[in-house]
Amino acid sequence: KTGNYPGRKVRMTEITAPKSPVTAEQFADEIREQLKYTQNVTPEQATAADVYVAASKAVRNHLADAWFKTQADTVNGDTKAVGYLSAEFLMGKQLENALLNAGLTEQFDAAVEALGFQPKDIVDAEYEPGLGNGGLGRLAACFIDSLASLGVPAFGYGIQYKYGIFKQTFDENGKQVETPDYWLTNEEPWGHIDYNRDQKVSFGGEVVEENGKKVWKPAWSVRAVPVDYLVPGYKSQRVNTLRLWTAKSYDEFDLLAFNKSEYLDAVKPQVKAENISKILYPEDSTKVGKELRLEQQYFFVSASLHDAIRVFYPGEAKPDLTTFPNKITFQLNDTHPVIGIPELMRILIDEYDYDWDTAWGITQKTFNYTCHTLLPEALEVWPASLIGELLPRHLEIIKKINEQFEDELKDKGVADETIERMRIYTGDAVRMAYLATYGGSHVNGVAELHSQLLKDVTLKDFSDAYPDKFTNVTNGVTPRRFIKLANPGLSDLITEGLGTDKWLSDLDLLQGLVPLAKDDEFVKKFAAVKQANKHSFVAFAKQHYGIDVDENTLFNTMVKRLHEYKRQSLKILLVISQYAALKKGEVSAEEILPRTVFFGAKAAPGYYLAKLTIELINNVSKVINNDPDVKGKLAVHMLPNYNIEMAQNLIPATELDEQISQAGKEASGTGNMKFALNGALTVGTLDGANVEIREKVGAENFFLFGMTVDEVEKLYADGYDPAKYYEADPRLKQAIELVANGTFSNGDRNAYAPLVADWLTKDWFMALADFSSYADIQAQIEKLYRDPLEWNRKALLNVANSGYFSSDRSMEDYLERIWHTGPLAD
Ligand code: H2P
């Protein structure tokens with residue numbers, strides 16, 4: 001194996017797992033040792049939480065040598081590394097995954113049993129870190145898992161937020177309540193804080209000229225301290241690093257102020273510095289904290305770039321940084337880390353004395369940009385005045401980049417009015433997506449359709465001027481966490497069907513299940529696995545949410561961040577119309593198909609309509625679940641605090657998955673992939689990766705409805721009037737009337753008035769226009785569900801044909817199309 005990548009498919013199934021490094025007895029001793037010397041409890045005193053910490057540390061120790069070796073090979077070898085710069089890494093619980101990848105699962109199970117515990121209780125004792133909002137952060141976590149599993153040297157770089165995404169509960173009125181997520185209150189055994197590899201990050205002040213050189217004199221600095229997480233590859237014997245920065249103050253404590261009894265003032269500098277890594281920003285929230293958010297972005301990016309120079313040029317005072325792009329390639333995960341482009345320019349010019357052109361050459365070669373959205377408002381635009389205040393030198397550099405850019409466009413013969421539209425810096429606005437597109441080598445969208453729309457619409461001018469920069473990499477998910485760990489029953493069945501477990505590192509092998517879809521016995525086994533997962537979820541739901549779920553109903557799920565474009569409101573309107581039909585006796589006894597509908601979604605705290613939608617779902621759920629007329633026929637649950645743990649339990653139990661965003665709005669979706677891989681059928685629109693999923697699994701195994709992108713555009717152009725759709729479909733009219741007349745608000749007609757008004761007069765994402773086709777397709781869904789063998793055959797074909805959606809494949813595509821690197825030599 002060599003590190004020369006181009007064109008080479010990376011497969012590591014031929015690498016055999018390391019021989020189990022310890023026996024169960026030895027592993028139990030290692031846990032005992034950790035209990036004794038680091039937890040300071042006897043095995044008799046130990047609680048599940050103690051054993052969790054001890055076992056985690058024991059596993060971490062097992063990974064240490066592979067981690068050191070990977071680091072050494074990364075620095076000494078000639079394989080370019082990948083730096084994944086991301087404001088979010090939504091990792092999920094670590095222990096089980098680390099055990100799997102270290103090959104220690106069986107030893108662990110036996111060891112903790114020998115200590116008198118149930119393995120599940122130990123695994124459950126872990127507190128899930130919530131350092132991400134949704135798909136974007138989870139994608140980053142899948143990607144670093146895949147890179148390590150492929151043996152590609154990589155660093156994840158981000159922020160160790162003290163508080164991750166808020167914890168969500170609902171009050172007695174069904175409103176979302178946000179409480180801080182104190183994930184670090186207990187001992188966290190995975191992150192190692194490394195005070196000796198800190199970086200200084202500065203802000204504010206002014207730029208002066210000294211001997212003909214620009215010199216930035218910052219006003220204040222914070223200390224960026226790395227917290228290292230191990231990222232073990234599955235059977236690759238490689239362990240990469242996730243380095244999350246935490247902010248500390250250089251002036252911990254002002255003794256003078258303290259001695260004057262100004263106790264609060266004494267800790268002010270500390271608070272100011274530590275605020276930077278205090279909290280993860282909920283996406284799409286209002287303008288609050290813009291300044292702090294920019295501080296966060298610059299903080300982690302500046303620290304990471306300096307860290308990479310430290311790692312790759314150890315001890316060199318005058319490193320030859322023209323080789324930097326051969327050492328590491330940085331992926332900008334959305335616009336959040338884009339300030340890295342002017343920062344690398346500043347480092348090269350101000351700190352290492354390179355001239356502008358050389359610095360620009362290095363910078364452009366170093367960065368690539370992934371866009372994750374089609375909503376213009378989600379592409380960050382910073383006020384230049386704010387950048388000027390916080391990062392005055394960077395603003396100068398951005399200005400100059402923009403000048404150079406405009407000159408370049410003129411040279412290319414681009415028309416003036418086009419250049420006007422493309423400006424990176426205009427008025428008081430700095431457009432980070434434009435800066436990223438110009439400042440890096442490649443730009444990619446995250447599904448075929450999305451990448452096409454980026455080229456045709458969102459970044460059209462750029463794609464016209466720089467067609468070669470644009471490419472697509474369709475997202476993927478890691479089969480280790482989302483099949484093997486989440487769905488052990490299905491994993492065993494797949495292995496049985498294929499006669500090998502190699503599919504876990506080569507997911508295309510799932511294709512081998514296609515012929516088995518013709519084998520009724522196998523399909524029945526598959527159905528039995530689903531039923532067992534439903535059964536387990538019933539217990540999970542009882543334990544975690546205190547709800548009773550009937551496992552003999554269709555499990556129908558919609559879980560994702562709450563956003564109008566994702567159209568949770570379309571789903572709840574359908575549920576209401578189904579409820580109304582049942583109430584009115586419009587559905588004959590034979591036609592009734594008992595369903596349980598699960599929602600899981602967090603709304604950004606400042607997003608009013610999203611929060612009102614949650615409240616509505618909760619209250620619809622209350623009314624339906626307490627109505628004896630529909631008992632056993634329809635149930636609705638809004639599960640609180642959707643997170644990775646819930647996903648791992650709910651997805652394998654789901655039979656029907658909802659991917660119903662307005663066409664042209666969901667960049668990709670990754671939940672859709674997880675559901676298909678776990679044998680759910682999808683009802684969805686032609687949006688994001690749904691398009692490719694449908695192509696792979698076959699149109700006949702996917703419930704398609706709704707307008708296409710072109711139809712949506714045409715309707716916007718013709719003038720969209722949602723009220724027309726309301727009048728035209730009595731099912732829709734009835735559903736909206738029930739919301740408006742107070743059925744779900746104890747008669748209060750005002751409770752949902754803003755939602756109703758929005759539906760009837762605006763409905764920007766056209767839920768009403770798609771309602772009829774969505775409601776119509778339900779008959780088809782229900783008909784198929786009545787034939788369990790056929791339903792499960794199709795579900796199995798979804799599994800068999802979704803191997804493409806492995807994040808290993810996504811990584812291979814990035815390696816080939818963007819990063820031009822590959823695995824470390826053995
Ligand atoms: C976002 C997009 C998804 C995409 C994901 C990863 C921002 O996730 O909207 O379509 O799959 O990034 O590329 P989310 O909506 O879950 O926050």
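The following legends describe close-up views of a predicted model of one chain.

**Figure 1. Overall fold of the predicted chain.** The secondary structure consists of 34 helices and 23 strands. Along its principal axes, the C-alpha trace spans about 85 × 70 × 65 Å. Of the 826 residues in the chain, 52% are buried. Among contacts with a separation of 6 or more, 77% join residues 24 or more positions apart.

Figure 2. The domain assignment gives domain 1 as residues 77-92 + 128-161 + 183-281 + 291-475 + 810-819, and domain 2 as residues 549-798. Their C-alpha centres lie 37 Å apart. Domain 1 contributes 22 residues to the contact, and domain 2 contributes 16 residues. On the side of domain 1 that touches domain 2, helix H6 (135-150) and helix H18 (448-458) each supply at least two residues. H18 gives the most to this side of domain 1, with 4 residues. By class, the side of domain 1 that touches domain 2 holds 8 nonpolar, 11 polar and 3 charged residues.

Figure 3. In an unreviewed entry, UniProt places the feature "modified residue: N6-(pyridoxal phosphate)lysine" at Lys674. This lysine belongs to helix H26, which covers residues 671-677. Lysine 674 is buried, because 29 other C-beta atoms lie within 10 Å and the cut-off for a buried residue is 20 or more. Leaving aside neighbours within four places in sequence, lysine 674 is in contact with Val477, Phe482 and Ile651.

**Figure 4. Helix H22 and the elements that cover it.** Helix H22 runs over residues 520-545, 26 residues in total. From its first C-alpha to its last, H22 reaches 36 Å, close to the 38 Å expected at 1.5 Å a residue. The buried residues of H22 are Val523, Phe526, Val529, Lys530, Asn533, Lys534, Phe537 and Ala541. An α-helix has 3.6 residues a turn, so residues three or four places apart point the same way. The cover over the buried residues of H22 includes helix H21 (488-498), strand S18 (554-559), helix H25 (644-650) and helix H33 (788-800). Just after H22, glycine 546 takes a positive phi of about 65 degrees.

Figure 5. Aspartate 501 is placed in the loop between H21 and H22. With 16 other C-beta atoms within 10 Å, aspartate 501 is partly exposed. The C-alpha atoms of aspartate 501 and lysine 200 are separated by 47 Å, and the two residues are 301 residues apart along the chain.

Figure 6. Helix H24 has 18 residues, 608-625, and reaches 26 Å from its first C-alpha to its last, close to the 26 Å expected at 1.5 Å a residue. The buried residues of H24 include Ala610, Leu612, Ile614, Glu615, Asn618 and Ile624. Alanine 603 lies in the loop between strand S19 (595-600) and H24. Alanine 603 is buried, with 24 other C-beta atoms within 10 Å. Apart from neighbours within four places in sequence, alanine 603 is in contact with Gln176, Leu562, Ala610, Lys611 and Ile614. Alanine 603 and arginine 561 are 42 residues apart in sequence, while their C-alpha atoms are 6.5 Å apart in space.

**Figure 7. Two loop residues with positive phi.** Asparagine 211 has a phi near 50 degrees, a positive value in a residue other than glycine. Its place is in the loop between strand S7 (206-210) and strand S8 (213-217). Asparagine 211 counts as exposed, with 5 C-beta neighbours inside 10 Å. Glutamine 237 has a phi near 60 degrees, again a positive value in a residue other than glycine. Glutamine 237 is found in the loop between strand S9 (220-232) and strand S10 (239-248). With 22 C-beta neighbours inside 10 Å, glutamine 237 counts as buried, whereas asparagine 211 is exposed.

Technical notes
Residues numbered from 1 in each chain as written. Predicted model: local features only at pLDDT ≥ 70, side-chain atom pairs only at ≥ 80, totals over all residues. Buried ≥ 20, exposed ≤ 12 C-beta atoms within 10 Å, placed from the backbone. Contact = placed C-beta atoms within 7 Å. UniProt positions renumbered as here; feature names shortened; annotations may be inferred. Expected span 1.5 Å × (residues − 1). Domains from an automatic or database assignment. Nonpolar A, V, L, I, M, F, W, Y, C, P; charged D, E, K, R; others polar.
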